[in-house]
Amino acid sequence: TRVLGIETSCDETAAAVVVRADDGAPAILSNVVLSQIEAHAAFGGVVPEIAARAHVEALDGVIEAALAEAGLALDDIDGIAATAGPGLIGGLIVGLTTAKAIAAAADKPLLPINHLEGHALTARLTDRLDFPYLLLLVSGGHTQLVHVAGLGRYERWASTIDDALGEAFDKTAKLLSLPYPGGPNVEKAALAGNPKRFTFPRPLKGEARPDFSFSGLKTAVRRAATELAPLSESDIADICASFQLAVTETLADRVALSLKRFRKAHPKPKRPALVVAGGVAANAAIRTALEALCEREGFRLVAPPLNLCGDNAAMIAWAGLERLEAGLPEDDALAFARPRWPLDTASEPLFGAGK
Ligand code: ATP
Ligand code: MG
Ligand code: FE
């Protein structure tokens, strides 16, 4: 099976071709990602109108490049997958409409994909992981623990009650005047810093509910930055290191609760998998902390390679391939772009769903 995937939900214009060979082995034949970072950097964040226009201008070329790199023509493709949500509506419409046109012209099935399902299933592409597993999704817009029971069977066990973790990284970066995008720059600055200099809060740590909270952390960073202004380079490094330590300790505490729940729900597997996915999964300090947690709890950590943590179309193509092979009903009602689309409703019909 070969599937072309298209991703345009945020500030990456991406297209990819993935395949599953007859022996079951999956492979990425091409994975083209055109980042719009430069177009948005001057504004310190993604500007939806600029993003939508950039997708229009770039998408055809990106799709052609993905097919060329895979050495395939449209005729060789079995399905066209595209992100239908959640994300910025302008970009979603560009990608999904393009996919619809290609699918209609080439007479191939259209596979509207939930962007979060793409993140959630990436580990099955890279590690041939079996269901069930526990997913920690940490990205720019989401922070959730999801029980992945099977394809299309997602149960949310915990989520952030305020900011997403990637958002907390980005806001911290902005407060410290580090360049956009914030996450990687906070991580880089933290390398030279003293993580013990500031004691930032560990929101919800020790609480029985399994959720996350990060807005208090951001407020504490703002207070520290204001008190110290003007900030020296080592102040910035120390704040970043202290922020990251607070984040890793909070994450480990929160995730531990859901690992225990997973263990109860699935007593059989000796070493069940915790999958970390989404842009923040690229953070080495977070990976190390999760690694230690998994070691302690008898889990194994599965983390996708760095280039598949952030947004890409290989994950969308892969989710499409899994759905195509499973013969999951292709509901035409799913083929419209929507800015909000919770993962745990990814397989529900959408009539009247304003969620
Ligand atoms: P969503 O997937 O929730 O719709 P998104 O697609 O914008 O949101 P991703 O592209 O998956 O999110 O991830 C981007 C986020 O990851 C940004 O907030 C970015 O700062 C963060 N990020 C990227 N690299 C790192 C890193 N090394 N450390 C921390 N955060 C990082
Ligand atoms: Mg992005
Ligand atoms: Fe994403």
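Mentor: Helices (H or I, at least four residues) and strands (E, at least two) are DSSP runs, numbered from the N terminus. This is a predicted model, in which local features need pLDDT of at least 70 and side-chain atom pairs pLDDT 80 or more, while totals for chains, interfaces and linings use all residues. Residues are numbered from 1 along each chain as its sequence is written, with chains lettered from A and ligands numbered from 1 in the order in which they are written.

Trainee: Where is Leu 204 placed?

Mentor: Leu 204 belongs to the loop between H6 and H7. Its phi is positive, about 70°, although the residue is not a glycine.

Trainee: How should I read the side chains of a strand?

Mentor: In a regular strand, side chains alternate between the two faces of the sheet. In S5 (residues 110-114), Leu 110, Pro 112 and Asn 114 point one way, whereas Leu 111 and Ile 113 point the other way. Strand S5 is mostly covered, since 5 of its 5 residues are buried.

Trainee: In which sense do S4 and S5 pair?

Mentor: Two strands pair if DSSP finds at least two bridges between them. Here S4 (residues 79-85) and S5 run in the parallel sense and share 5 bridges. One such bridge links Ile 80 to Leu 110 in S5.

Trainee: Which residues does the UniProt annotation "binding site" cover?

Mentor: The unreviewed UniProt entry assigns that annotation to His 115, His 119 and Asp 311. Such positions follow the numbering used here, feature names are shortened, and annotations may be inferred rather than shown by experiment. These three residues span 197 residues in sequence, yet no two of their C-alpha atoms are more than 8.8 Å apart, so they gather at one spot.

Trainee: What touches His 119?

Mentor: Contact requires C-beta atoms, placed from the backbone, to lie within 7 Å. Not counting residues up to four places away in sequence, His 119 touches Leu 137, Ser 139, Ala 277, Gly 278 and Met 315. His 119 is found in helix H4 (115-127) and counts as buried because 31 C-beta neighbours lie inside 10 Å.

Trainee: With which residues is Asp 311 in contact?

Mentor: Setting aside neighbours within four places in sequence, Asp 311 contacts Glu 7, Cys 10, Glu 12 and Ala 14. Asp 311 is placed in the loop between S10 and H10, and it is buried because 26 other C-beta atoms lie within 10 Å. Gly 310 belongs to the loop between strand S10 (300-302) and helix H10 (314-326). By the contact rule with that sequence limit of four places, Gly 310 meets Gly 279 and Ala 282.

Trainee: Which peptide bond is cis, with omega near -10°?

Mentor: That bond runs from Gly 85 to Pro 86, and Pro 86 lies in the loop between S4 and H3. A cis peptide bond also joins Ala 229 and Pro 230, with omega about 0°. Pro 230 is in the loop between helix H7 (215-228) and helix H8 (233-265).

Key: Two residues are in contact if their C-beta atoms, placed from the backbone, lie within 7 Å. A residue is buried if 20 or more other C-beta atoms lie within 10 Å of its own, exposed if 12 or fewer, and partly exposed in between; C-beta atoms are placed from the backbone.
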